[in-house]
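User: I would like to learn how to read the features of a model. Please take them one at a time, general idea before the case.

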Amino acid sequence: MAASRRHLRKVKVRKVKVKDTGDACESEMRMNPKPTLLAELIAECLGTFVLILFGIGVVAMVVLFPSSNPGEIIHGGFTNITLGWGLAVTMGIYIAGKTSGAHLNPAVTLALAVFRGFPWRKVLPYSIAQTAGAFAAAALVYWNYLPAFRQTDPQLAHTAGVFTTFPAFPAILQAGFLDQLIGTALLVLLIFAITDEFNSPPGANLAPAMIGLVVVAIGMSFGGMHGYAINPARDLGPRLFTVVAGFRNNGLTDGTRVWWIPVVAPLLGGLVGAAIYDFGIRRFLRPLGKS
């Protein structure tokens, strides 16, 4: 009987522990509900806003405040631009990562829909939210640097490039298209590699920094031909703002119509990079502990 009573006490204790664990799980679920689509769209918009705010901001610093000392680059030139954009991507991912996955790029969203089961019904809303965030960031950068724009380019004739990208060889548009395709393919290829649970991913808190470094590397290696937009929202949102603000030679309503290159090429490039990773690497990987 004593042994039976001890056994019953153990059973009761185990029941209490299970109940407590269940209560804790229920409490955690209440505290961390699944984000709604609206929450995800706000996160994508705000994350892209922060990304573009830092990214365009560093371009404005370099273009609008050049060095007055011959042979000296006070504001870092292209090196600062590549570092600034890499840090911008990192900060944007930290903003939106928990809520929406921090795509911040329609090319990434499309690739995730095709290769990772991301819901197709969310692709267009995500892309619109990303583009809206980029548009708003461009507007804020322009407002902040308005005195500098008025001093440097009062007619707004040649500074649209602060906000958006243009080909280095306007007569050879296919060269810029190829450059954007390669750059975005590298971006998505490495995003898939860095975030693949079957590969050797960094810790969750390090992934944004690693992806930021990928953007730095792409800018340093493939930044000259078309400004390495590698993101349709990053280019189209600010370009739409230049139209609204009255910039000439904006590539959409004035000057050479090059706006479609950093929109179409990154979408295709993202699919190419995702396919290369999945068919070249991921299919050979196995979950840990399995042969």
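Analyst: We begin with the salt bridge: a side-chain nitrogen of Lys or Arg within 4 Å of a carboxyl oxygen of Asp or Glu. Side chains of opposite charge can pair when their charged atoms come close. One case here joins arginine 239 and aspartate 235, side chain to side chain, at 2.6 Å, N to O.

User: What kind of model is this, and how are residues numbered?

Analyst: This is a predicted model, in which local features need pLDDT of at least 70 and side-chain atom pairs count only at pLDDT 80 or more, while totals for chains, interfaces and linings use all residues. Residues are numbered from 1 along each chain as its sequence is written, and side-chain values use heavy atoms, with hydrogens and water left out.

User: Where do arginine 239 and aspartate 235 lie?

Analyst: Elements first: helices (H or I, at least four residues) and strands (E, at least two) are DSSP runs, numbered from the N terminus. Both residues sit in helix H9, four residues apart, about one turn of the helix.

User: Are arginine 239 and aspartate 235 buried or exposed?

Analyst: The scale is relative accessible area: buried is under 20%, exposed over 50%, partly exposed in between (1.4 Å probe, protein chains only). Arginine 239 and aspartate 235 are both buried. Arginine 239 also has a ring partner. A charge sits over a ring if NZ of Lys or CZ of Arg is within 6 Å of the ring centre and within 35 degrees of the ring normal. The charged end of arginine 239 sits over the ring of phenylalanine 166, 5.1 Å from its centre.

User: How many salt bridges does the structure hold?

Analyst: Five. Another pairs aspartate 278 with arginine 116 at 2.7 Å, N to O. Aspartate 278 is in helix H10 and arginine 116 in the loop between H4 and H5, so the bridge ties together parts 162 residues apart in sequence. Aspartate 278 is buried at 11%; arginine 116 is partly exposed at 31%.

User: Which residues are linked in a network of salt bridges?

Analyst: Asp196, Glu197 and Arg282. Within it, arginine 282 meets aspartate 196 at 2.6 Å, N to O. Arginine 282 lies in the segment after H10 and aspartate 196 in the loop between H7 and H8, so the pair ties together parts 86 residues apart in sequence. Aspartate 196 is buried, at 2% relative accessibility.

User: Why is helix H4 described as largely enclosed?

Analyst: Count its buried residues. Eight of the 10 residues of H4 (106–115) are buried, so the rest of the structure largely encloses this helix. Contact means heavy atoms within 4.5 Å. The cover over the buried residues of H4 includes helices H5 (123–144), H7 (173–195), H9 (232–245) and H10 (261–280).

User: What caps the N-terminal end of H4?

Analyst: Asparagine 105 does, with a side-chain oxygen 2.8 Å from the backbone nitrogen of alanine 107. After H4 comes glycine 117, whose phi is positive, near 75°.

User: How do I read the nonpolar core?

Analyst: It is a set of buried Ala, Val, Leu, Ile, Met, Phe, Trp, Tyr and Cys residues joined through side-chain atoms within 4.5 Å. The largest has 55 residues, and those with the most contacts inside it are Ile56, Trp85, Tyr142, Phe149, Phe163 and Phe192. Helix H2 gives the most to this core, with 10 residues.

User: And aromatic pairs?

Analyst: Rings of Phe, Tyr and Trp (its six-membered ring) pair if their centres lie within 6.5 Å; planes under 30 degrees apart count as stacked, over 60 as edge-to-face and the rest as tilted. The structure holds 14 such pairs. Phenylalanine 115 and phenylalanine 279 are edge-to-face, 6.5 Å centre to centre, with 75° between the planes. That pair links H4 to H10, 164 residues apart. Phenylalanine 279 is exposed, at 56% relative accessibility.

User: Are phenylalanine 149 and phenylalanine 163 stacked or edge-to-face?

Analyst: Their centres are 5.5 Å apart and their planes at 15°, so the pair is stacked. Phenylalanine 149 is in helix H6 and phenylalanine 163 in the loop between H6 and H7. Phenylalanine 149 is buried at 1%, and phenylalanine 163 at 0%. Ring pairs link Phe149 and Phe163 into a cluster with Phe135, Tyr142, Phe241 and Phe247.

Conventions: A polar contact is a pair of N or O atoms within 3.5 Å; within protein, one must be able to donate a hydrogen and the other to accept it, and residues adjacent in sequence count only if both atoms are side-chain atoms.
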